[in-house]
Amino acid sequence: MEAGMVTPAPALVRFSGIQKTYDGEHLVVKNLDLDIRKGEFITLLGPSGSGKTTTLMMLAGFEVPTHGEIYLAGRPIKNMPPHKRDIGMVFQNYALFPHLTIAENIAFPLSVRKTNKADVQERVGSALRMIKMENLAHRRPGQLSGGQQQRVALARALVFNPQLVLMDEPLGALDKRLREQMQLEIKQLHETMGITVVYVTHDQSEALTMSDRIAVFNDGIVQQIDKPDALYEHPVNSFVAHFIGENNVLAGTVETVDKDYCRVALAGGGTVTARAVNVSGAGASTSLSVRPERIAIVPEGTSSDGPNRLPAKVQNTIYLGDHALAVLDVSGNAEFMVKLQPGAHDSLTHGANVSVTFRPEDCLALDPV
Ligand SMILES: Nc1ncnc2c1ncn2[C@@H]1O[C@H](COP(=O)(O)OP(=O)(O)OP(=O)(O)O)[C@@H](O)[C@H]1O
Ligand SMILES: [Mg+2]
(Lines give C-alpha, C1' and ligand atoms only; values in the text may rest on other atoms or scores of the structure.)
(Ligands and ions follow the chains in the order given, each with its own letter.)
Protein backbone atom coordinates (compact mmCIF):
# COMPACT_ATOMS: atom_id res chain seq x y z
CA MET A 1 0.00 0.00 0.00
CA GLU A 2 1.24 3.49 -0.85
CA ALA A 3 2.12 5.89 1.93
CA GLY A 4 -0.71 8.20 2.86
CA MET A 5 -3.46 5.86 1.73
CA VAL A 6 -6.25 5.42 4.21
CA THR A 7 -7.32 1.88 5.04
CA PRO A 8 -11.09 1.68 5.33
CA ALA A 9 -12.21 0.60 8.80
CA PRO A 10 -13.01 -3.12 8.81
CA ALA A 11 -16.69 -3.95 8.97
CA LEU A 12 -18.12 -4.44 12.46
CA VAL A 13 -20.42 -7.10 11.03
CA ARG A 14 -19.84 -9.18 7.93
CA PHE A 15 -22.37 -11.62 6.50
CA SER A 16 -20.45 -13.80 4.08
CA GLY A 17 -22.33 -16.15 1.76
CA ILE A 18 -25.12 -16.63 4.30
CA GLN A 19 -27.95 -18.98 3.45
CA LYS A 20 -30.78 -20.10 5.69
CA THR A 21 -33.46 -22.71 5.31
CA TYR A 22 -35.87 -23.80 8.06
CA ASP A 23 -37.31 -26.83 6.25
CA GLY A 24 -34.21 -28.04 4.37
CA GLU A 25 -35.74 -27.14 1.00
CA HIS A 26 -36.77 -23.52 0.70
CA LEU A 27 -34.05 -20.90 1.22
CA VAL A 28 -35.49 -17.90 3.09
CA VAL A 29 -32.12 -16.12 2.96
CA LYS A 30 -30.45 -16.91 -0.33
CA ASN A 31 -26.89 -15.65 -0.48
CA LEU A 32 -26.31 -12.75 1.79
CA ASP A 33 -23.08 -10.75 1.60
CA LEU A 34 -23.38 -7.65 3.70
CA ASP A 35 -20.89 -5.46 5.56
CA ILE A 36 -22.08 -3.20 8.37
CA ARG A 37 -19.69 -0.46 9.38
CA LYS A 38 -19.05 0.61 12.95
CA GLY A 39 -21.33 3.48 13.96
CA GLU A 40 -23.64 2.93 11.03
CA PHE A 41 -27.45 2.95 11.18
CA ILE A 42 -28.45 0.32 8.65
CA THR A 43 -32.00 -0.76 7.94
CA LEU A 44 -33.21 -4.04 6.51
CA LEU A 45 -36.31 -3.08 4.54
CA GLY A 46 -38.62 -5.44 2.69
CA PRO A 47 -42.07 -6.98 2.47
CA SER A 48 -43.43 -9.56 4.89
CA GLY A 49 -41.61 -12.89 4.65
CA SER A 50 -38.57 -11.51 2.81
CA GLY A 51 -36.10 -12.74 5.46
CA LYS A 52 -35.43 -9.63 7.57
CA THR A 53 -36.11 -11.13 11.00
CA THR A 54 -34.30 -14.34 10.06
CA THR A 55 -31.22 -12.28 9.16
CA LEU A 56 -31.40 -10.38 12.46
CA MET A 57 -31.88 -13.61 14.45
CA MET A 58 -28.78 -15.15 12.87
CA LEU A 59 -26.78 -12.07 13.86
CA ALA A 60 -28.18 -12.20 17.40
CA GLY A 61 -27.41 -15.91 17.65
CA PHE A 62 -30.97 -17.23 18.02
CA GLU A 63 -30.87 -18.89 14.59
CA VAL A 64 -27.95 -20.71 12.97
CA PRO A 65 -27.06 -20.09 9.29
CA THR A 66 -27.37 -23.14 7.04
CA HIS A 67 -24.34 -21.97 5.04
CA GLY A 68 -21.79 -19.18 5.27
CA GLU A 69 -20.28 -17.32 8.19
CA ILE A 70 -21.03 -14.17 10.15
CA TYR A 71 -18.12 -12.13 11.53
CA LEU A 72 -18.40 -9.71 14.43
CA ALA A 73 -15.41 -7.38 14.76
CA GLY A 74 -13.50 -9.79 12.52
CA ARG A 75 -14.28 -12.97 14.52
CA PRO A 76 -16.50 -15.76 13.21
CA ILE A 77 -19.49 -16.09 15.54
CA LYS A 78 -21.39 -19.10 14.26
CA ASN A 79 -20.66 -21.01 17.45
CA MET A 80 -20.81 -18.10 19.88
CA PRO A 81 -23.90 -18.11 22.16
CA PRO A 82 -26.14 -15.00 22.05
CA HIS A 83 -25.15 -13.60 25.46
CA LYS A 84 -21.44 -13.60 24.49
CA ARG A 85 -22.04 -11.46 21.41
CA ASP A 86 -22.46 -8.13 23.24
CA ILE A 87 -25.58 -7.23 21.28
CA GLY A 88 -28.61 -5.30 22.57
CA MET A 89 -32.03 -6.17 21.17
CA VAL A 90 -35.38 -4.40 20.91
CA PHE A 91 -38.45 -6.20 19.59
CA GLN A 92 -41.83 -5.09 18.38
CA ASN A 93 -43.76 -6.26 21.44
CA TYR A 94 -41.33 -4.71 23.97
CA ALA A 95 -40.95 -8.08 25.78
CA LEU A 96 -40.56 -6.40 29.17
CA PHE A 97 -40.83 -8.56 32.27
CA PRO A 98 -44.30 -7.75 33.64
CA HIS A 99 -43.52 -8.63 37.26
CA LEU A 100 -40.40 -6.42 37.45
CA THR A 101 -40.41 -2.65 37.90
CA ILE A 102 -39.10 -0.36 35.17
CA ALA A 103 -35.80 0.07 37.02
CA GLU A 104 -35.51 -3.72 37.50
CA ASN A 105 -36.29 -4.32 33.83
CA ILE A 106 -33.54 -1.95 32.78
CA ALA A 107 -31.13 -3.47 35.31
CA PHE A 108 -31.74 -7.00 34.02
CA PRO A 109 -28.96 -7.17 31.39
CA LEU A 110 -26.53 -5.83 33.99
CA SER A 111 -27.44 -8.44 36.59
CA VAL A 112 -27.00 -11.17 33.95
CA ARG A 113 -23.52 -9.74 33.36
CA LYS A 114 -22.82 -9.71 37.12
CA THR A 115 -22.23 -5.96 37.25
CA ASN A 116 -21.61 -4.71 40.80
CA LYS A 117 -24.45 -2.99 42.67
CA ALA A 118 -23.08 0.56 42.62
CA ASP A 119 -22.48 0.40 38.87
CA VAL A 120 -25.95 -1.01 38.27
CA GLN A 121 -27.52 1.85 40.20
CA GLU A 122 -25.55 4.46 38.32
CA ARG A 123 -26.17 3.00 34.88
CA VAL A 124 -29.88 2.42 35.45
CA GLY A 125 -30.13 6.01 36.70
CA SER A 126 -28.49 7.41 33.59
CA ALA A 127 -30.58 5.13 31.33
CA LEU A 128 -33.75 6.41 33.01
CA ARG A 129 -32.57 9.98 32.48
CA MET A 130 -31.84 9.19 28.83
CA ILE A 131 -35.46 8.11 28.26
CA LYS A 132 -36.77 10.88 30.58
CA MET A 133 -38.55 8.45 32.88
CA GLU A 134 -36.76 8.88 36.22
CA ASN A 135 -40.07 9.50 37.98
CA LEU A 136 -41.60 6.22 36.74
CA ALA A 137 -38.78 3.91 37.86
CA HIS A 138 -40.96 2.02 40.35
CA ARG A 139 -43.94 1.35 38.10
CA ARG A 140 -44.50 -1.95 36.36
CA PRO A 141 -44.78 -2.25 32.54
CA GLY A 142 -48.57 -2.73 32.74
CA GLN A 143 -48.85 0.77 34.20
CA LEU A 144 -47.15 2.43 31.21
CA SER A 145 -48.34 3.57 27.79
CA GLY A 146 -47.07 1.83 24.65
CA GLY A 147 -44.58 4.59 23.91
CA GLN A 148 -43.25 4.52 27.47
CA GLN A 149 -42.86 0.74 27.35
CA GLN A 150 -40.95 1.05 24.10
CA ARG A 151 -38.60 3.60 25.70
CA VAL A 152 -37.93 1.18 28.55
CA ALA A 153 -37.18 -1.58 26.03
CA LEU A 154 -34.75 0.79 24.35
CA ALA A 155 -33.06 1.68 27.65
CA ARG A 156 -32.76 -2.02 28.52
CA ALA A 157 -31.07 -2.70 25.17
CA LEU A 158 -28.59 0.15 25.61
CA VAL A 159 -27.82 0.00 29.36
CA PHE A 160 -24.84 -2.36 29.04
CA ASN A 161 -23.19 -0.27 26.28
CA PRO A 162 -23.40 -2.97 23.63
CA GLN A 163 -21.24 -2.59 20.52
CA LEU A 164 -24.28 -3.35 18.39
CA VAL A 165 -28.04 -2.87 18.81
CA LEU A 166 -30.62 -4.80 16.80
CA MET A 167 -34.18 -3.52 16.50
CA ASP A 168 -36.96 -5.54 14.86
CA GLU A 169 -39.98 -3.38 14.00
CA PRO A 170 -39.62 -1.66 17.39
CA LEU A 171 -42.27 0.94 16.65
CA GLY A 172 -44.79 -1.32 14.93
CA ALA A 173 -47.28 -1.23 17.80
CA LEU A 174 -47.34 2.55 18.17
CA ASP A 175 -49.67 5.06 16.51
CA LYS A 176 -48.32 7.27 13.72
CA ARG A 177 -47.56 10.34 15.81
CA LEU A 178 -45.74 8.49 18.55
CA ARG A 179 -43.91 6.41 15.95
CA GLU A 180 -42.56 9.54 14.28
CA GLN A 181 -41.50 10.99 17.62
CA MET A 182 -39.74 7.74 18.60
CA GLN A 183 -38.01 7.60 15.20
CA LEU A 184 -36.37 10.92 15.98
CA GLU A 185 -35.50 9.86 19.53
CA ILE A 186 -33.85 6.64 18.35
CA LYS A 187 -31.97 8.51 15.66
CA GLN A 188 -30.76 11.03 18.24
CA LEU A 189 -29.60 8.25 20.59
CA HIS A 190 -27.75 6.68 17.71
CA GLU A 191 -25.97 9.93 16.97
CA THR A 192 -25.09 10.88 20.54
CA MET A 193 -24.00 7.39 21.61
CA GLY A 194 -22.19 6.47 18.41
CA ILE A 195 -23.63 2.95 18.49
CA THR A 196 -24.10 0.68 15.49
CA VAL A 197 -27.76 -0.08 14.81
CA VAL A 198 -29.32 -2.76 12.61
CA TYR A 199 -32.96 -1.85 12.25
CA VAL A 200 -35.75 -3.87 10.63
CA THR A 201 -38.91 -2.39 9.17
CA HIS A 202 -41.29 -2.85 6.28
CA ASP A 203 -42.17 0.85 6.39
CA GLN A 204 -40.23 2.65 3.66
CA SER A 205 -40.73 6.14 5.05
CA GLU A 206 -39.39 5.01 8.43
CA ALA A 207 -36.36 3.53 6.66
CA LEU A 208 -35.76 6.71 4.65
CA THR A 209 -36.03 8.90 7.77
CA MET A 210 -33.68 6.95 10.00
CA SER A 211 -31.03 5.16 8.00
CA ASP A 212 -27.50 5.85 6.86
CA ARG A 213 -27.96 2.93 4.46
CA ILE A 214 -30.87 0.67 3.57
CA ALA A 215 -30.67 -2.95 2.39
CA VAL A 216 -33.81 -3.70 0.38
CA PHE A 217 -34.84 -7.35 0.79
CA ASN A 218 -37.15 -9.33 -1.43
CA ASP A 219 -37.64 -13.07 -1.31
CA GLY A 220 -34.46 -13.70 0.67
CA ILE A 221 -32.26 -11.63 -1.64
CA VAL A 222 -30.85 -8.16 -1.08
CA GLN A 223 -31.94 -6.23 -4.15
CA GLN A 224 -29.90 -3.11 -3.45
CA ILE A 225 -27.93 -1.56 -0.59
CA ASP A 226 -27.57 2.19 -0.69
CA LYS A 227 -28.12 5.53 0.99
CA PRO A 228 -31.77 6.62 1.12
CA ASP A 229 -31.44 9.29 -1.58
CA ALA A 230 -29.53 6.95 -3.89
CA LEU A 231 -32.25 4.28 -3.54
CA TYR A 232 -34.90 6.83 -4.41
CA GLU A 233 -33.02 8.41 -7.32
CA HIS A 234 -31.21 5.36 -8.67
CA PRO A 235 -33.19 2.18 -8.04
CA VAL A 236 -31.56 -0.74 -9.84
CA ASN A 237 -34.78 -2.58 -10.65
CA SER A 238 -38.57 -2.33 -10.64
CA PHE A 239 -38.88 -3.93 -7.22
CA VAL A 240 -36.76 -1.25 -5.52
CA ALA A 241 -38.34 1.57 -7.55
CA HIS A 242 -41.80 0.45 -6.46
CA PHE A 243 -40.96 -0.34 -2.87
CA ILE A 244 -39.39 3.07 -2.22
CA GLY A 245 -41.65 6.04 -2.90
CA GLU A 246 -44.53 6.51 -5.28
CA ASN A 247 -44.33 5.61 -8.95
CA ASN A 248 -46.16 5.76 -12.23
CA VAL A 249 -45.63 2.70 -14.39
CA LEU A 250 -45.90 2.64 -18.17
CA ALA A 251 -45.27 -0.58 -20.11
CA GLY A 252 -43.39 -0.44 -23.39
CA THR A 253 -40.79 -1.89 -25.74
CA VAL A 254 -37.26 -0.61 -26.18
CA GLU A 255 -36.71 0.66 -29.72
CA THR A 256 -33.12 1.89 -29.57
CA VAL A 257 -30.44 2.24 -26.91
CA ASP A 258 -27.86 5.05 -27.03
CA LYS A 259 -25.41 4.87 -24.12
CA ASP A 260 -27.34 5.72 -20.93
CA TYR A 261 -30.63 6.50 -22.63
CA CYS A 262 -33.17 4.61 -24.74
CA ARG A 263 -36.23 5.29 -26.83
CA VAL A 264 -39.30 3.36 -25.68
CA ALA A 265 -42.54 2.77 -27.61
CA LEU A 266 -45.35 2.69 -25.05
CA ALA A 267 -47.87 -0.15 -25.16
CA GLY A 268 -50.67 2.41 -24.78
CA GLY A 269 -49.35 4.72 -27.51
CA GLY A 270 -46.62 7.35 -27.68
CA THR A 271 -42.82 7.25 -27.55
CA VAL A 272 -40.54 8.60 -24.83
CA THR A 273 -36.85 8.86 -24.01
CA ALA A 274 -35.83 7.21 -20.74
CA ARG A 275 -32.73 6.41 -18.72
CA ALA A 276 -31.71 2.87 -19.68
CA VAL A 277 -31.32 1.53 -16.14
CA ASN A 278 -32.21 -2.13 -16.46
CA VAL A 279 -32.92 -3.09 -20.05
CA SER A 280 -31.20 -5.78 -22.10
CA GLY A 281 -31.34 -3.96 -25.45
CA ALA A 282 -33.52 -3.09 -28.44
CA GLY A 283 -36.67 -5.22 -28.61
CA ALA A 284 -36.82 -5.86 -24.84
CA SER A 285 -39.99 -5.28 -22.82
CA THR A 286 -39.62 -2.64 -20.15
CA SER A 287 -41.53 -0.86 -17.38
CA LEU A 288 -41.01 2.85 -17.23
CA SER A 289 -41.10 4.43 -13.82
CA VAL A 290 -41.78 8.16 -13.31
CA ARG A 291 -42.20 9.78 -9.87
CA PRO A 292 -45.39 11.86 -9.41
CA GLU A 293 -43.41 14.95 -8.33
CA ARG A 294 -41.27 14.94 -11.49
CA ILE A 295 -44.15 15.48 -13.90
CA ALA A 296 -45.69 18.70 -15.14
CA ILE A 297 -49.22 19.13 -16.48
CA VAL A 298 -49.40 21.54 -19.43
CA PRO A 299 -52.36 22.59 -21.57
CA GLU A 300 -53.09 20.40 -24.57
CA GLY A 301 -51.32 21.61 -27.68
CA THR A 302 -48.69 23.75 -25.90
CA SER A 303 -45.35 23.53 -27.63
CA SER A 304 -43.00 21.41 -25.57
CA ASP A 305 -39.29 21.84 -24.88
CA GLY A 306 -38.49 18.25 -24.00
CA PRO A 307 -38.88 14.99 -25.86
CA ASN A 308 -41.34 13.46 -23.38
CA ARG A 309 -44.86 14.70 -23.83
CA LEU A 310 -47.95 12.53 -23.68
CA PRO A 311 -51.65 13.27 -24.07
CA ALA A 312 -53.60 12.88 -20.82
CA LYS A 313 -57.19 13.09 -19.58
CA VAL A 314 -57.93 14.39 -16.07
CA GLN A 315 -59.80 11.74 -14.09
CA ASN A 316 -59.81 13.18 -10.61
CA THR A 317 -58.04 15.51 -8.22
CA ILE A 318 -57.31 14.87 -4.56
CA TYR A 319 -56.58 17.56 -1.98
CA LEU A 320 -54.11 16.39 0.70
CA GLY A 321 -53.36 19.51 2.72
CA ASP A 322 -49.68 20.07 2.02
CA HIS A 323 -50.04 19.00 -1.60
CA ALA A 324 -52.61 17.81 -4.12
CA LEU A 325 -52.70 14.92 -6.58
CA ALA A 326 -54.09 14.79 -10.08
CA VAL A 327 -55.15 11.36 -11.33
CA LEU A 328 -54.90 11.14 -15.11
CA ASP A 329 -55.35 8.64 -17.88
CA VAL A 330 -51.98 8.47 -19.66
CA SER A 331 -51.11 5.95 -22.36
CA GLY A 332 -53.36 3.22 -20.98
CA ASN A 333 -52.55 3.90 -17.31
CA ALA A 334 -55.80 5.22 -15.80
CA GLU A 335 -54.18 5.95 -12.43
CA PHE A 336 -51.27 8.09 -13.51
CA MET A 337 -50.52 10.40 -10.55
CA VAL A 338 -49.07 13.89 -10.70
CA LYS A 339 -48.14 15.74 -7.53
CA LEU A 340 -49.24 19.39 -7.47
CA GLN A 341 -48.86 22.43 -5.26
CA PRO A 342 -51.88 22.72 -2.94
CA GLY A 343 -54.52 24.72 -4.75
CA ALA A 344 -53.18 23.93 -8.23
CA HIS A 345 -55.80 21.18 -8.57
CA ASP A 346 -58.58 23.81 -8.63
CA SER A 347 -57.76 24.79 -12.19
CA LEU A 348 -58.00 21.20 -13.50
CA THR A 349 -61.40 20.29 -14.87
CA HIS A 350 -62.43 16.65 -14.62
CA GLY A 351 -62.51 15.12 -18.08
CA ALA A 352 -60.26 17.84 -19.54
CA ASN A 353 -57.67 16.90 -22.12
CA VAL A 354 -54.17 18.06 -21.16
CA SER A 355 -50.57 16.92 -21.68
CA VAL A 356 -48.00 15.59 -19.23
CA THR A 357 -44.27 16.16 -19.66
CA PHE A 358 -41.25 14.85 -17.79
CA ARG A 359 -37.51 14.90 -18.32
CA PRO A 360 -35.75 11.82 -19.76
CA GLU A 361 -33.52 11.68 -16.65
CA ASP A 362 -36.66 11.37 -14.47
CA CYS A 363 -38.02 8.45 -16.50
CA LEU A 364 -36.37 5.10 -15.69
CA ALA A 365 -36.50 2.14 -18.04
CA LEU A 366 -36.51 -0.90 -15.74
CA ASP A 367 -37.22 -4.62 -15.92
CA PRO A 368 -40.83 -5.45 -16.84
CA VAL A 369 -43.27 -5.91 -13.94
N1 LIG B 1 -39.05 -20.52 12.86
C2 LIG B 1 -39.43 -20.68 11.59
N3 LIG B 1 -39.71 -21.90 11.07
C4 LIG B 1 -40.07 -22.05 9.78
N5 LIG B 1 -40.17 -21.05 8.89
C6 LIG B 1 -39.92 -19.81 9.33
C7 LIG B 1 -39.54 -19.57 10.71
N8 LIG B 1 -39.34 -18.22 10.84
C9 LIG B 1 -39.59 -17.68 9.63
N10 LIG B 1 -39.93 -18.61 8.72
C11 LIG B 1 -40.23 -18.38 7.30
O12 LIG B 1 -39.11 -17.75 6.71
C13 LIG B 1 -39.51 -16.72 5.80
C14 LIG B 1 -38.85 -15.42 6.22
O15 LIG B 1 -39.38 -15.05 7.47
P16 LIG B 1 -38.90 -13.77 8.28
O17 LIG B 1 -39.55 -13.83 9.60
O18 LIG B 1 -37.43 -13.69 8.25
O19 LIG B 1 -39.52 -12.60 7.38
P20 LIG B 1 -39.63 -11.03 7.66
O21 LIG B 1 -38.98 -10.37 6.48
O22 LIG B 1 -39.12 -10.71 9.00
O23 LIG B 1 -41.20 -10.77 7.57
P24 LIG B 1 -42.19 -9.81 8.44
O25 LIG B 1 -42.06 -8.43 7.82
O26 LIG B 1 -43.54 -10.38 8.22
O27 LIG B 1 -41.75 -9.83 9.87
C28 LIG B 1 -41.02 -16.71 5.82
O29 LIG B 1 -41.48 -17.44 4.70
C30 LIG B 1 -41.37 -17.41 7.11
O31 LIG B 1 -42.60 -18.07 7.00
MG1 LIG C 1 -40.01 -9.98 10.75
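The sulfur of C363 sits 7.9 Å from the closest cysteine sulfur, the one in C262, and that is too far for a bond. For the cut-offs, buried means under 20% relative accessible area, exposed means over 50%, and partly exposed is in between (1.4 Å probe, protein chains only).

This is a predicted model, where local features need pLDDT of at least 70 and side-chain atom pairs count only at pLDDT 80 or more, while totals for chains, interfaces and linings use all residues. Residues are numbered from 1 along each chain as its sequence is written, chains are lettered from A and ligands numbered from 1 in the order in which they are written, and side-chain values use heavy atoms, with hydrogens and water left out.

**The overall picture**

The protein has 369 residues, and buried ones make up 47% of them. Its C-alpha atoms fill a box of roughly 80 × 50 × 50 Å, taken along the principal axes. The secondary structure comes to eight helices and 20 strands; these are DSSP runs numbered from the N terminus (helices H or I, at least four residues; strands E, at least two).

**Around strand β9**

Strand β9 covers residues 213–218, and five of its six residues are buried. What does β9 pair with in the parallel sense? That would be strand β3 (residues 41–45), over four bridges; two strands pair if DSSP finds at least two bridges between them. Within this pairing, L44 stands opposite A215 of β9. Strand β10 (residues 221–226) runs antiparallel to β9, joined to it by five bridges, and there V216 has Q224 as its bridge partner. β9 and β10 form a hairpin with two residues between them, and D219 in the turn has a positive phi of about 55°.

**Ligand 1**

Ligand 1 is surrounded by Y22, V28, P47, S48, G49, S50, G51, K52, T53, T54 and H202, where being near it takes a heavy atom within 4 Å. Some of these residues also make polar contacts, meaning a pair of N or O atoms within 3.5 Å; within protein, one must be able to donate a hydrogen and the other to accept it, and residues adjacent in sequence count only if both atoms are side-chain atoms.

| Residue | N or O atom from | Distance to an oxygen atom of ligand 1 |
|---|---|---|
| S48 | side chain | 2.5 Å |
| K52 | side chain | 2.8 Å |
| S50 | backbone | 3.1 Å |

R156 belongs to helix α4 (residues 146–158). R156 is buried yet has no salt bridge, and the nearest side chain of opposite charge, E104, is 11 Å away. A salt bridge needs a side-chain nitrogen of Lys or Arg within 4 Å of a carboxyl oxygen of Asp or Glu; for charge, Lys and Arg count as positive and Asp and Glu as negative, with His and the chain ends not counted. What R156 does have is the backbone oxygen of A95, 3.0 Å from a polar atom of its side chain.

S289 is in strand β14 (residues 285–290) and counts as buried at 3% relative accessibility. From S289 to R213 it is 76 residues in sequence and 23 Å in space, C-alpha to C-alpha.

Methods. A disulfide is a pair of cysteine sulfur atoms within 2.5 Å.
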